[in-house]
Number of protein chains: 2
Amino acid sequence: MIDKNSPIPIYFQLEEHLRAQIENGSLEVDEAIPSERELAETFQISRMTVRQAINNLVTEGLLYRQKGKGTFVNKKKVEQKLQGLTSFTEDMLERGMKPSSKLISFEIIPADKQVAQALNLNENTPIYEIKRVRLADQLPMALETTFLPANLVKGLTEDIINQSLYQYIEHHLGLIINEASQEIEASTPKETEMKLLEIESSAPVLFIKRVSYLQDGTPFELVKSSYRADRYKFVHTMKRSF
Amino acid sequence: MIDKNSPIPIYFQLEEHLRAQIENGSLEVDEAIPSERELAETFQISRMTVRQAINNLVTEGLLYRQKGKGTFVNKKKVEQKLQGLTSFTEDMLERGMKPSSKLISFEIIPADKQVAQALNLNENTPIYEIKRVRLADQLPMALETTFLPANLVKGLTEDIINQSLYQYIEHHLGLIINEASQEIEASTPKETEMKLLEIESSAPVLFIKRVSYLQDGTPFELVKSSYRADRYKFVHTMKRSF
DNA sequence: CAGTGGTCTAGACCACCAG
DNA sequence: TGGTGGTCTAGACCACTGA
């Protein structure tokens, strides 16, 4: 179950092990998981290592602790996973749907004023412009236009964007994605949008404009999306920080 | 600076120490804090204890780490205020507009199935139902229906809801508001809604459904709002959490 | 009382990054 | 190469819970 010689950290292996048990129901809600000492003994690892795994699951909200009593499985909020910054692909997978795309155009163009401003670039700086129809379970879900600074997100190909752009940015380019700010509106689609989304006139769309930032604050992505209102609902959680 | 004999955990004392330095500007944005070994040496504590303090600050987003380089102070966002859970009143004030309300109805009714489920109550439990037209700078902005468990949010009057419901809940009832989950959709308004919002047919609205929770997880509020799409844009920021 | 999580120590080896 | 964070160990004492 736990391989001490694996390059994968032990605490992470244990984390996955517990996560699996929670998800497949071997551990029920409000049921105590084995004690830290017990887990350490079972897997022949240090208690501190066990605690690191449990800490992460507590932070994620999957477990909660009670002093003197034990560690227990939390009731899962359905929405819980949906709150992070995710790509369309990740979003659909979390919703249990199969994402796909139809590429409409993919080119390098000079940034117009609006895009330049959003991405904090000079006008006419070369940027990638990628237009796609986004599908979920083969049905049109959204029309999406992505703008990326060509100097920052280098070596982009059709293959890459058909796989996962975020994976490429994080793993191949080694950039750290930090956060995004979004504007969400209701609007009525244009003629061309209606056709691509296969909707009747009069049906509204959810228009989302997102600018995403790296760890150092550099904006690396502007995405404008029009989601079919009958198929898509934006879900998130927010904290009262006062 | 650090008192080992204090009942306050050492890692927490260090946390507060670093937090203060970040907030008063002794440590600047993107500046490296002393290394873990250095902090351990300085305060004569174990490196693991130092890590516990730093871990917490990283989780909170105040610091970020870079392998082989060091631990750095994160920039604080201007947007930060906008992302929090706010009432309509707070929201409008942040946008620089003057909020007001027109009360349509205010009564105690038995919870129907849908409301009961959202608020985790039994059907027919008494709840407040408050319908209001929400105005910003005297113009209709949204139509809002709020549901509150009568047993939890006691002693509600028209005066209170005309002031600030959240203030009342937090300061008079002493309840701690923690978080909310929202669903945001685009839709078309019903006849009655159009009239109250003073909009033409065919104009879409932004429909927001929110359930808010107290610290202990109890849902205390269900709000359904229809915002005029031409006047309202929902803005928020989200983190890439992994 | 025995068992739990909470805190803490004083080491260790690793991979990564800079000069 | 020397310094950084990432991981891990094998102990320890504490306060708290429940029987």
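Helices (H or I, at least four residues) and strands (E, at least two) are taken as DSSP runs, numbered from the N terminus. The model is a predicted one, in which local features need pLDDT of at least 70 and side-chain atom pairs count only at pLDDT 80 or more, while totals for chains, interfaces and linings use all residues. Residues are numbered from 1 along each chain as its sequence is written, chains are lettered from A and ligands numbered from 1 in the order in which they are written, and side-chain values use heavy atoms, with hydrogens and water left out.

**First selection: DNA strand D**

The surface divides into six nonpolar, nine polar and 11 charged residues, if Ala, Val, Leu, Ile, Met, Phe, Trp, Tyr, Cys and Pro count as nonpolar, Asp, Glu, Lys and Arg as charged, and the others, Gly among them, as polar.

Now show the phosphate oxygens of DNA strand D: one lies 2.4 Å from a polar side-chain atom of A:Y11, one is 2.6 Å from a side-chain N or O atom of A:T49, and one is 3.2 Å from such an atom of B:S35.

Next, select the open sheet of seven strands, whose order is 9(A)-6(B)-7(B)-8(B)-5(B)-4(B)-3(B) with antiparallel pairing; two strands pair if DSSP finds at least two bridges between them. Strand 9 (234-239) of chain A and strand 3 (99-110) of chain B stand at the edges, and because each has a single partner strand, one side of each is left without a neighbour in the sheet. The twist averages 15 degrees from one strand to the next, with axes fitted as lines to C-alpha atoms and angles running from 0 to 180 degrees between N-to-C directions.

Zoom in on strands 3 and 4 of chain B, which run antiparallel and are joined by 11 bridges. Here B:I108 stands opposite B:Y128 in strand 4 of chain B.

Note on methods. Polar contact = N/O pair within 3.5 Å; in protein donor to acceptor, adjacent residues only side chain to side chain.
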